[in-house]
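Please look at the structure first.

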Amino acid sequence: MTTTLTEPPAQETERPRRPKAARAGGTLHAGPVAYVILALFAIGSLFPLVWTAIAASRDNNRLAETPPPFWFGSNLMDNLDIAWSDANLGEAFLNTTIVAGISALTIVVLSTVAGFAFAKLRFKGRNALMLIVIGTMMVPPQLSVIPLYMMVAELDWTDQLQAVILPSLVSAFGVFFMRQYLLQALPDELIEAARVDGAGSWRVVWHIVFPAARPAMAVLGMLMFVQTWNDFLWPFLVLTQTGNPTVQVAVAGLGRGYTPDQSLIMAGALLGTLPLLLVFAIFGKQIVGGIMQGAVKG
(Lines give C-alpha, C1' and ligand atoms only; values in the text may rest on other atoms or scores of the structure.)
Protein backbone atom coordinates (compact mmCIF):
# COMPACT_ATOMS: atom_id res chain seq x y z
CA MET A 1 0.00 0.00 0.00
CA THR A 2 1.53 3.18 -1.14
CA THR A 3 0.94 6.49 0.49
CA THR A 4 1.36 9.78 -1.27
CA LEU A 5 2.78 12.65 0.61
CA THR A 6 1.02 15.90 -0.07
CA GLU A 7 2.76 19.14 0.66
CA PRO A 8 0.80 21.66 2.68
CA PRO A 9 -0.46 24.52 0.54
CA ALA A 10 1.94 27.39 0.44
CA GLN A 11 0.76 30.34 2.39
CA GLU A 12 0.42 33.43 0.30
CA THR A 13 2.51 36.27 1.57
CA GLU A 14 0.38 39.25 2.22
CA ARG A 15 1.44 42.21 0.14
CA PRO A 16 2.03 45.41 2.04
CA ARG A 17 -0.86 47.73 1.59
CA ARG A 18 -0.14 50.97 -0.11
CA PRO A 19 -1.38 54.10 1.53
CA LYS A 20 -4.59 55.47 0.13
CA ALA A 21 -2.80 58.52 -1.27
CA ALA A 22 -0.52 56.28 -3.36
CA ARG A 23 -3.34 54.35 -5.00
CA ALA A 24 -4.55 55.19 -8.47
CA GLY A 25 -6.75 58.22 -8.36
CA GLY A 26 -5.81 59.03 -4.78
CA THR A 27 -5.10 62.52 -3.51
CA LEU A 28 -1.89 63.40 -1.72
CA HIS A 29 -2.41 65.40 1.43
CA ALA A 30 0.36 67.57 2.86
CA GLY A 31 1.22 67.27 6.51
CA PRO A 32 1.80 70.09 9.00
CA VAL A 33 5.56 70.09 8.34
CA ALA A 34 4.96 70.79 4.67
CA TYR A 35 2.67 73.70 5.52
CA VAL A 36 5.25 75.16 7.90
CA ILE A 37 7.98 74.95 5.25
CA LEU A 38 5.75 76.50 2.59
CA ALA A 39 4.75 79.29 4.97
CA LEU A 40 8.41 80.08 5.71
CA PHE A 41 9.24 80.21 2.02
CA ALA A 42 6.22 82.45 1.35
CA ILE A 43 7.19 84.84 4.15
CA GLY A 44 10.80 84.97 2.93
CA SER A 45 9.65 85.66 -0.63
CA LEU A 46 7.18 88.39 0.34
CA PHE A 47 9.39 90.16 2.88
CA PRO A 48 11.42 92.26 0.34
CA LEU A 49 8.22 93.53 -1.28
CA VAL A 50 6.59 94.29 2.07
CA TRP A 51 9.73 96.04 3.31
CA THR A 52 9.82 98.14 0.13
CA ALA A 53 6.24 99.25 0.77
CA ILE A 54 7.04 100.02 4.43
CA ALA A 55 10.11 102.08 3.49
CA ALA A 56 8.11 103.91 0.82
CA SER A 57 5.57 104.94 3.46
CA ARG A 58 8.17 106.56 5.76
CA ASP A 59 10.45 109.57 5.47
CA ASN A 60 14.21 109.57 5.03
CA ASN A 61 14.94 110.50 8.67
CA ARG A 62 12.91 107.60 10.06
CA LEU A 63 14.66 105.13 7.75
CA ALA A 64 18.04 106.29 9.07
CA GLU A 65 17.11 105.45 12.66
CA THR A 66 17.98 102.25 14.49
CA PRO A 67 16.04 100.01 14.64
CA PRO A 68 14.35 100.62 11.28
CA PRO A 69 10.56 100.73 11.06
CA PHE A 70 8.70 97.46 10.61
CA TRP A 71 5.22 98.85 9.99
CA PHE A 72 3.62 101.22 7.51
CA GLY A 73 3.71 104.97 7.91
CA SER A 74 1.47 107.72 6.59
CA ASN A 75 3.59 109.03 3.70
CA LEU A 76 3.00 106.29 1.12
CA MET A 77 0.69 108.15 -1.25
CA ASP A 78 2.72 111.36 -1.03
CA ASN A 79 5.99 109.55 -1.79
CA LEU A 80 4.40 107.64 -4.69
CA ASP A 81 3.10 110.90 -6.17
CA ILE A 82 6.49 112.62 -5.84
CA ALA A 83 8.34 109.64 -7.30
CA TRP A 84 5.90 109.42 -10.22
CA SER A 85 6.34 113.08 -11.15
CA ASP A 86 10.08 113.47 -10.40
CA ALA A 87 11.13 110.32 -12.30
CA ASN A 88 8.67 110.82 -15.19
CA LEU A 89 7.47 107.28 -14.63
CA GLY A 90 4.51 107.63 -16.98
CA GLU A 91 6.76 107.88 -20.03
CA ALA A 92 9.13 105.31 -18.52
CA PHE A 93 6.30 102.76 -18.16
CA LEU A 94 5.31 103.27 -21.80
CA ASN A 95 8.90 102.90 -23.02
CA THR A 96 9.52 99.78 -20.93
CA THR A 97 6.26 98.18 -22.08
CA ILE A 98 7.25 98.75 -25.72
CA VAL A 99 10.77 97.39 -25.21
CA ALA A 100 9.74 94.39 -23.11
CA GLY A 101 6.74 93.56 -25.31
CA ILE A 102 8.66 93.63 -28.60
CA SER A 103 11.61 91.74 -27.14
CA ALA A 104 9.48 89.04 -25.51
CA LEU A 105 7.34 88.51 -28.63
CA THR A 106 10.34 88.33 -30.95
CA ILE A 107 12.26 85.98 -28.66
CA VAL A 108 9.30 83.63 -28.34
CA VAL A 109 8.70 83.41 -32.10
CA LEU A 110 12.35 83.09 -33.13
CA SER A 111 13.19 80.69 -30.31
CA THR A 112 10.26 78.44 -31.20
CA VAL A 113 11.26 78.29 -34.87
CA ALA A 114 14.92 77.72 -34.03
CA GLY A 115 14.07 75.19 -31.33
CA PHE A 116 11.94 73.23 -33.81
CA ALA A 117 14.80 73.21 -36.31
CA PHE A 118 17.31 71.94 -33.75
CA ALA A 119 14.87 69.39 -32.31
CA LYS A 120 13.20 67.87 -35.37
CA LEU A 121 15.02 68.80 -38.58
CA ARG A 122 18.10 67.01 -39.84
CA PHE A 123 20.85 69.12 -41.37
CA LYS A 124 24.63 69.30 -41.44
CA GLY A 125 26.28 70.89 -38.45
CA ARG A 126 23.14 70.79 -36.29
CA ASN A 127 24.90 69.57 -33.16
CA ALA A 128 27.84 71.92 -33.67
CA LEU A 129 25.55 74.91 -34.06
CA MET A 130 23.63 73.87 -30.95
CA LEU A 131 26.87 73.71 -28.98
CA ILE A 132 27.75 77.21 -30.18
CA VAL A 133 24.32 78.49 -29.05
CA ILE A 134 24.80 76.89 -25.62
CA GLY A 135 28.34 78.25 -25.46
CA THR A 136 27.11 81.83 -25.88
CA MET A 137 25.18 81.41 -22.63
CA MET A 138 28.51 81.03 -20.81
CA VAL A 139 29.89 84.37 -22.04
CA PRO A 140 29.39 87.17 -19.47
CA PRO A 141 27.12 89.83 -20.96
CA GLN A 142 29.46 92.56 -19.71
CA LEU A 143 31.99 91.55 -22.38
CA SER A 144 29.66 92.67 -25.15
CA VAL A 145 28.91 96.10 -23.68
CA ILE A 146 31.77 98.00 -25.36
CA PRO A 147 31.28 96.53 -28.88
CA LEU A 148 27.53 97.09 -28.64
CA TYR A 149 27.98 100.67 -27.48
CA MET A 150 30.37 101.39 -30.33
CA MET A 151 27.82 99.97 -32.77
CA VAL A 152 25.00 102.05 -31.28
CA ALA A 153 27.12 105.20 -31.39
CA GLU A 154 28.04 104.51 -35.03
CA LEU A 155 24.35 104.16 -35.93
CA ASP A 156 23.50 107.33 -33.94
CA TRP A 157 20.96 105.44 -31.84
CA THR A 158 22.00 106.87 -28.48
CA ASP A 159 19.00 107.66 -26.27
CA GLN A 160 16.64 105.83 -28.64
CA LEU A 161 14.59 102.75 -27.82
CA GLN A 162 15.92 100.68 -30.73
CA ALA A 163 19.32 100.74 -29.03
CA VAL A 164 17.75 98.66 -26.21
CA ILE A 165 15.44 96.56 -28.38
CA LEU A 166 17.93 95.35 -30.99
CA PRO A 167 20.37 93.48 -28.68
CA SER A 168 17.49 91.68 -26.95
CA LEU A 169 15.67 90.27 -29.99
CA VAL A 170 17.23 86.80 -29.66
CA SER A 171 18.02 84.61 -26.68
CA ALA A 172 20.24 81.53 -26.53
CA PHE A 173 18.35 80.39 -23.45
CA GLY A 174 15.07 80.66 -25.35
CA VAL A 175 16.38 78.50 -28.21
CA PHE A 176 17.66 75.85 -25.79
CA PHE A 177 14.46 75.94 -23.74
CA MET A 178 12.18 75.48 -26.76
CA ARG A 179 14.39 72.74 -28.24
CA GLN A 180 14.22 70.70 -25.04
CA TYR A 181 10.47 71.12 -24.85
CA LEU A 182 9.77 70.22 -28.48
CA LEU A 183 11.94 67.11 -28.28
CA GLN A 184 9.37 65.58 -25.93
CA ALA A 185 6.11 67.41 -26.66
CA LEU A 186 6.09 67.17 -30.47
CA PRO A 187 5.81 63.61 -31.86
CA ASP A 188 7.69 62.86 -35.08
CA GLU A 189 4.60 61.03 -36.39
CA LEU A 190 2.61 64.27 -36.32
CA ILE A 191 5.19 66.03 -38.48
CA GLU A 192 5.39 63.10 -40.88
CA ALA A 193 1.61 63.05 -41.25
CA ALA A 194 1.64 66.74 -42.10
CA ARG A 195 4.38 66.13 -44.67
CA VAL A 196 2.31 63.36 -46.26
CA ASP A 197 -0.58 65.80 -46.58
CA GLY A 198 1.70 68.14 -48.51
CA ALA A 199 2.50 70.69 -45.79
CA GLY A 200 5.72 72.62 -46.16
CA SER A 201 8.07 73.59 -43.35
CA TRP A 202 6.44 76.94 -42.58
CA ARG A 203 2.96 75.43 -42.65
CA VAL A 204 4.15 72.75 -40.22
CA VAL A 205 5.52 75.47 -37.97
CA TRP A 206 2.31 77.50 -38.06
CA HIS A 207 -0.26 74.69 -37.75
CA ILE A 208 1.67 72.03 -35.79
CA VAL A 209 4.62 73.51 -33.90
CA PHE A 210 3.04 76.69 -32.54
CA PRO A 211 -0.08 74.96 -31.12
CA ALA A 212 2.01 72.17 -29.59
CA ALA A 213 4.51 74.63 -28.08
CA ARG A 214 1.93 77.07 -26.73
CA PRO A 215 2.48 76.20 -23.03
CA ALA A 216 6.26 76.62 -23.29
CA MET A 217 5.83 79.78 -25.36
CA ALA A 218 3.70 81.32 -22.61
CA VAL A 219 6.30 80.50 -19.95
CA LEU A 220 9.18 81.77 -22.08
CA GLY A 221 7.32 84.97 -22.94
CA MET A 222 6.67 85.65 -19.26
CA LEU A 223 10.30 85.04 -18.33
CA MET A 224 11.65 87.22 -21.13
CA PHE A 225 9.18 90.03 -20.38
CA VAL A 226 10.22 90.11 -16.73
CA GLN A 227 13.91 89.92 -17.63
CA THR A 228 13.67 92.80 -20.09
CA TRP A 229 11.54 94.86 -17.71
CA ASN A 230 14.15 94.49 -14.95
CA ASP A 231 17.19 95.04 -17.20
CA PHE A 232 19.29 97.95 -15.92
CA LEU A 233 22.92 97.95 -17.12
CA TRP A 234 22.49 98.29 -20.88
CA PRO A 235 19.53 100.75 -20.79
CA PHE A 236 21.43 102.85 -18.24
CA LEU A 237 24.38 103.13 -20.66
CA VAL A 238 22.48 104.07 -23.83
CA LEU A 239 19.44 105.95 -22.49
CA THR A 240 19.16 109.13 -20.45
CA GLN A 241 16.80 109.99 -17.64
CA THR A 242 15.46 113.04 -19.49
CA GLY A 243 15.16 111.47 -22.95
CA ASN A 244 13.61 108.01 -23.36
CA PRO A 245 14.17 106.29 -20.01
CA THR A 246 12.98 102.84 -19.07
CA VAL A 247 11.59 102.22 -15.60
CA GLN A 248 14.90 101.13 -14.12
CA VAL A 249 16.74 104.14 -15.55
CA ALA A 250 14.03 106.49 -14.30
CA VAL A 251 14.08 104.99 -10.80
CA ALA A 252 17.88 105.32 -10.73
CA GLY A 253 17.41 109.06 -11.28
CA LEU A 254 15.66 109.33 -7.93
CA GLY A 255 19.00 108.67 -6.21
CA ARG A 256 20.52 111.94 -7.38
CA GLY A 257 21.82 114.40 -4.86
CA TYR A 258 24.33 114.46 -2.03
CA THR A 259 21.93 112.66 0.30
CA PRO A 260 19.56 110.45 -1.70
CA ASP A 261 16.04 110.15 -0.34
CA GLN A 262 15.70 106.41 0.30
CA SER A 263 11.94 106.63 0.78
CA LEU A 264 11.48 108.10 -2.71
CA ILE A 265 13.76 105.45 -4.20
CA MET A 266 11.70 102.74 -2.52
CA ALA A 267 8.50 104.38 -3.75
CA GLY A 268 9.84 104.35 -7.32
CA ALA A 269 10.93 100.73 -6.97
CA LEU A 270 7.47 99.80 -5.68
CA LEU A 271 5.79 101.50 -8.64
CA GLY A 272 8.16 99.72 -11.02
CA THR A 273 7.29 96.34 -9.50
CA LEU A 274 3.50 96.70 -9.51
CA PRO A 275 3.01 96.08 -13.28
CA LEU A 276 4.87 92.76 -13.04
CA LEU A 277 2.70 91.69 -10.12
CA LEU A 278 -0.39 92.68 -12.09
CA VAL A 279 0.72 90.69 -15.15
CA PHE A 280 1.39 87.60 -13.07
CA ALA A 281 -1.91 87.99 -11.20
CA ILE A 282 -3.78 88.05 -14.52
CA PHE A 283 -1.85 85.41 -16.46
CA GLY A 284 -0.33 83.34 -13.65
CA LYS A 285 -3.06 80.70 -13.75
CA GLN A 286 -2.68 80.25 -17.50
CA ILE A 287 1.09 80.01 -17.23
CA VAL A 288 0.98 77.40 -14.45
CA GLY A 289 -1.68 75.52 -16.41
CA GLY A 290 0.57 75.64 -19.46
CA ILE A 291 3.46 74.17 -17.50
CA MET A 292 1.26 71.32 -16.28
CA GLN A 293 -0.10 70.73 -19.77
CA GLY A 294 3.43 70.54 -21.13
CA ALA A 295 4.42 68.10 -18.40
CA VAL A 296 1.52 65.81 -19.30
CA LYS A 297 2.45 65.95 -22.99
CA GLY A 298 6.08 65.16 -22.19
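In this predicted model, helices α9 and α10 cross in a right-handed way. Helix α9 covers residues 188-196, and its axis comes within 10 Å of that of α10, at a crossing angle of roughly 125 degrees. The two helices are therefore oblique to each other. On the α9 side, L190, I191, A194 and R195 make the contact, while α10 contributes S201, V204 and I208. These residues divide into five nonpolar, one polar and one charged.

Helix α10 (residues 201-212) also meets helix α4 (residues 89-120), where the axes come within 11 Å and cross at roughly 105 degrees. Because angles of 65 to 115 degrees count as roughly perpendicular, α4 is roughly perpendicular to α10. From α4, the residues in contact are V109, T112, V113 and F116; from α10, they are W202, V204, V205, V209 and F210. Eight of the residues in this contact are nonpolar, one is polar and none is charged.

| Helix pair | Axes come within | Crossing angle |
|---|---|---|
| α9 and α10 | 10 Å | roughly 125 degrees |
| α4 and α10 | 11 Å | roughly 105 degrees |

Helix α4 also takes part in the largest pocket, giving the most to its lining, with four residues. This pocket holds about 1,000 Å³ of space. Its lining has 28 residues, and P141, P167, S168, V170 and Q227 lie nearest the centre. Helices that each supply at least two lining residues include α5 (126-136), α8 (172-185) and α11 (214-230). By class, the lining has 19 nonpolar, eight polar and one charged residues.

How values were computed:
Residues are numbered from 1 along each chain as its sequence is written. This is a predicted model: local features need pLDDT of at least 70, side-chain atom pairs count only at pLDDT 80 or more; totals for chains, interfaces and linings use all residues. Side-chain values use heavy atoms; hydrogens and water are left out. Axes are lines fitted to C-alpha atoms, for helices over the stretch in contact, and angles run from 0 to 180 degrees between N-to-C directions. Angles under 35 degrees count as roughly parallel, over 145 as roughly antiparallel, 65 to 115 as roughly perpendicular and the rest as oblique. Contact means heavy atoms within 4.5 Å. Ala, Val, Leu, Ile, Met, Phe, Trp, Tyr, Cys and Pro count as nonpolar, Asp, Glu, Lys and Arg as charged, and the others, Gly among them, as polar. A crossing is left-handed if the near helix is turned anticlockwise from the far one by less than a right angle, and right-handed if clockwise. On a 1 Å grid over the protein atoms alone, a cavity is a set of points where a 1.4 Å probe fits but cannot get out, and a pocket is an open set with protein on both sides within 12 Å along at least five of seven lines; lining residues have an atom within 4 Å of a point. Grid points are joined across faces, edges and corners, and a volume is the space filled by probe spheres set on the points.
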